[in-house]
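Subject: Structure handover

Hello,

Here is the structure you are taking over. Please open it alongside this message; my notes follow below.

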Amino acid sequence: PINALLFDLDGVIVDTAIYHYQAWRRMANTLGFDISQEFNEQLKGISRTESLEIILAHGGLTVSENHKLELATQKNEWYLELVSQMTPANILPGVTALFGAVKAAHLKTALGSVSKNARLILERIGMIDDFDAIIDGTKITRGKPDPEVFLKGAAELEVRPDECVVFEDAVAGIEAAKRAGMLAIGIGEPSVLTQADLVVPSLAALTLAEVLTLTGLKT
Ligand code: G16
Ligand code: MG
C-alpha cells in the first residue's frame, strides 16, 4: 500500500523555477552571454554548484574555484530577493486540496528537495508545518538523479521505499524516485517525463483516491 507521499518543492509545490532562471540569467548576462528558457529545463532539480558548472560550460568560460563561489553566492542573493516576495498565494493549484485529503487519510508526507533554501520558501508560503519530514539540500550529499534525497525521506518517515509515491516535475527527479524504488508521478509533459508511472499537467488534475489506486501500475 501507499503510506507516504514525497513532494519535490520547485515546480510541484511552488513555481520557483522562474526565479532560478531569472537569477541565473542575470548572472550569465554579467559574464557576457545569455541562457534561454529551453536551456533552463536541464537545470531543474540540479544543485546550485552543478547548475553553475553547466551554465559556465554553456558560455564557454573557465573560471577559478574562488570566482565560482562568488558567482554562486551572487546568484543566490538575487534568487533570495525574488523569494522574499513570496506569499501563500504562490502555492500551486491543487496543492492545498491534496494536502487536506492526505492529512484526513492519515498518510505521511515529506519534502524532497535539493534546494538549500527549501525551509525558507516553506516559511514564506506558510507550509513549514505541513510536512512530517523535510529533506533539503542541507541534509544530502548527492543531488538528483541520485535517490539519496527520497531514500532519506522514507527513512525519516519510517516507511519502505515501495510504500512511497513521489511527485516530481524534473527529469532528474523522476529518475531519482525510480532509482529509490518508488512510484513516480510526473507534473508536466508525458513526452518529457518518460520514466514516470503517471504524468499529469498539475496537482489540480489529480485526487488522492487516484494516487492511491496507482499501486497496481507499479512496474
Ligand atoms: C531546486 C531547483 C534547482 C536548484 C536547486 C538548488 O530543486 O529545481 O533549479 O538549482 O533546487 O536550489 P538552491 O540554490 O536554492 O539550493 P528541487 O529539488 O526543489 O526541484
Ligand atoms: Mg522540481
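**What was found**

D132 sits in the loop that runs between helix 6 and strand 3; helices (H or I, at least four residues) and strands (E, at least two) are DSSP runs numbered from the N terminus. This is a predicted model, in which local features need pLDDT of at least 70 and side-chain atom pairs count only at pLDDT 80 or more, while totals for chains, interfaces and linings use all residues. Residues are numbered from 1 along each chain as its sequence is written, and chains are lettered from A and ligands numbered from 1 in the order in which they are written.

D132 counts as partly exposed because it has 16 C-beta neighbours inside 10 Å. The scale is this: a residue is buried if 20 or more other C-beta atoms lie within 10 Å of its own, exposed if 12 or fewer, and partly exposed in between, with C-beta atoms placed from the backbone. Not counting residues up to four places away in sequence, D132 touches K108, T109, A110 and L157; contact is taken as C-beta atoms, placed from the backbone, within 7 Å. From D132 to E38 the C-alpha distance is 35 Å, and the two are 94 residues apart in sequence.

On the strands: strand 2 (residues 108-112) has four of its five residues buried, so it is largely enclosed by the rest of the structure. Strand 2 pairs with strand 1 in the parallel sense over four bridges, where pairing requires at least two DSSP bridges between the strands. A4 is opposite K108 of strand 2. Strand 2 also runs parallel to strand 3 (residues 133-135), joined by three bridges, and G112 has I135 in strand 3 as its bridge partner. Between strand 2 and strand 3 the chain passes through helix 6 (residues 118-124) in a right-handed β-α-β crossover; right-handed means that, with the strands pointing away from the viewer, the path from the first strand over the helix to the second runs clockwise.

Helix 7 (residues 148-157) has V149, F150, L151, G153, A154 and L157 as its buried residues. They pack against strand 1, strand 2, strand 3, strand 4 and helix 8. E158, with a positive phi near 60°, follows helix 7.

On the annotated sites: the unreviewed UniProt entry gives "binding site" at D8, D10, E168 and D169. These are spread over 162 residues of sequence but cluster in space, with a largest C-alpha distance of 8.7 Å. The UniProt entry, also unreviewed, lists D8 and D10 under "active site". UniProt annotations may be inferred rather than shown by experiment.

- D8 is in the loop between strand 1 and helix 1 and is buried because it has 29 C-beta neighbours inside 10 Å. Its contacts beyond four places in sequence include G45, S113 and D169.
- D10 lies in the loop between strand 1 (4-7) and helix 1 (17-30). D10 is buried, with 23 C-beta neighbours inside 10 Å.
- D169 is in the loop between strand 4 (164-168) and helix 8 (171-179). D169 is buried, with 25 other C-beta atoms within 10 Å.

Ligand 1 is surrounded by 20 residues, the closest being D10, R48, S113, S115 and K116; a residue belongs here if its C-beta atom, placed from the backbone, lies within 6 Å. The shell divides into five nonpolar, 10 polar and five charged residues. Here Ala, Val, Leu, Ile, Met, Phe, Trp, Tyr, Cys and Pro are nonpolar, Asp, Glu, Lys and Arg charged, and the others, Gly among them, polar.

Regards

Methods: Contact = placed C-beta atoms within 7 Å.
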